[in-house]
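Please open the model in the viewer and keep the selection panel at hand.

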Amino acid sequence: MDLRQLRTFVTVADSGTVSKAALRLRIAQPALSRQIGNLEQALGLKLFDRVGRRLVLSSAGEQLLGDCRGLLNYARALGERAQLLRRGDTGVLKVAASPHLIEGVFPEFLRHYAQRYPNVQVNLIDTVGSDMLAMLERGEIHLAQSLVRAIPADRQHFASHPLQPIEMLAACHPDLKLGSNGTVEIARLAPHPLLQISSDFVIRRTFDAACRLAGFQPNNRLESRAPHALLALAEAGHGVAIIPSALRTYYYRLRIVRVTYRGKPLRELLTMLSDSRRPLPPFASAFCGMLAAHVREVFPITRPSEPGARPQVQRDAARGARKRRIA
């Protein structure tokens, strides 16, 4: 039994078939099958049952899978610790984040981070929801952007590095009289066609929960992972886009108001997560601290429209404010 056999076992369990696992591991299927056979022989246990073309974990395999993941994580952590001792402030930092944060925050922030850590390569992964947490647990990434409320109660090994709250905003055609004084009560959105981000975003589920509390089912005309599709359709008058305040909107002519429930803004606290069972490189810890300071300066990326302001004037003002922050 060796780590290669354990890695093969975990990959087959995740993939469900030998062919998919072989592609992920980049080895031939016969070699992969031999590794599984050797592991079963070493353990004296049958790890898989074959159901059609799929491999299903046996009872013994299910019980050993978690232990094998833990052993692989420990081995990976040992290798990373040795690498930290050798490299210091040099390495690769893998960060998963939503498209809103990648576009709204990271372009400017990464420039500042690179000035302090020129030998660190930051790799960004555009993903959200449970996929992001699974990648963090498997050790495929160092940091994952999430909402504090989205951290499962049974995942005590996730360490949280809080950032700033994000608010829910409603964006619509400038001629649509939506809300007053820069806010709209969520119940007032019931008659309008809504343009929403897809339900794998936690903040979308927050909005849907608030709709249920307000007693209505949202009339969704579009659900998309592409946030600017929502803004383009809203600008053209096809509905009201529900967006987070971390999204840039100044390319569009829109009326923007804050969404409230019983007078209170809908907001969620943003955070960066890491796996406390694995040591973070010093440059990753610094990344969290620098990012927290940066978002304090630039959040919210988008604010409610100024009363009476023409959309073009507001858009130019937003661009000017952004340029002043950069300078």
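**Cysteines**

A search of the whole structure finds zero disulfides, a disulfide being a pair of cysteine sulfur atoms within 2.5 Å. The model is predicted: local features need pLDDT of at least 70 and side-chain atom pairs count only at pLDDT 80 or more, while totals for chains, interfaces and linings use all residues. Residues are numbered from 1 along each chain as its sequence is written, and side-chain values use heavy atoms, with hydrogens and water left out.

Select Cys 172 next: the nearest cysteine sulfur, that of Cys 211, is 16 Å away. Cys 172 is buried, with a relative accessible area of 1%; buried means under 20%, exposed over 50% and partly exposed in between (1.4 Å probe, protein chains only). Then select Cys 211, which is likewise in no disulfide and is buried at 0% relative accessibility.

**Aromatic rings**

The structure holds eight aromatic pairs. Rings of Phe, Tyr and Trp (its six-membered ring) pair if their centres lie within 6.5 Å; planes under 30 degrees apart count as stacked, over 60 as edge-to-face and the rest as tilted.

Select Phe 106 and Phe 109, an edge-to-face pair at 6.2 Å centre to centre, with 85 degrees between the planes. These two residues lie three apart in helix α6 (residues 106-116), so about one helical turn separates them. Helices are DSSP runs (H or I, at least four residues), numbered from the N terminus. Both Phe 106 and Phe 109 are buried.

Move on to Tyr 113 and Phe 287, which pair edge-to-face at 5.1 Å centre to centre and 75 degrees between the planes. This pair links distant parts of the chain, with Tyr 113 in helix α6 and Phe 287 in helix α10 (residues 282-298), 174 residues apart. Both Tyr 113 and Phe 287 are buried.

Finally, select Phe 106, Phe 109, Tyr 113, Tyr 117 and Phe 287 together: ring pairs link them into a cluster.
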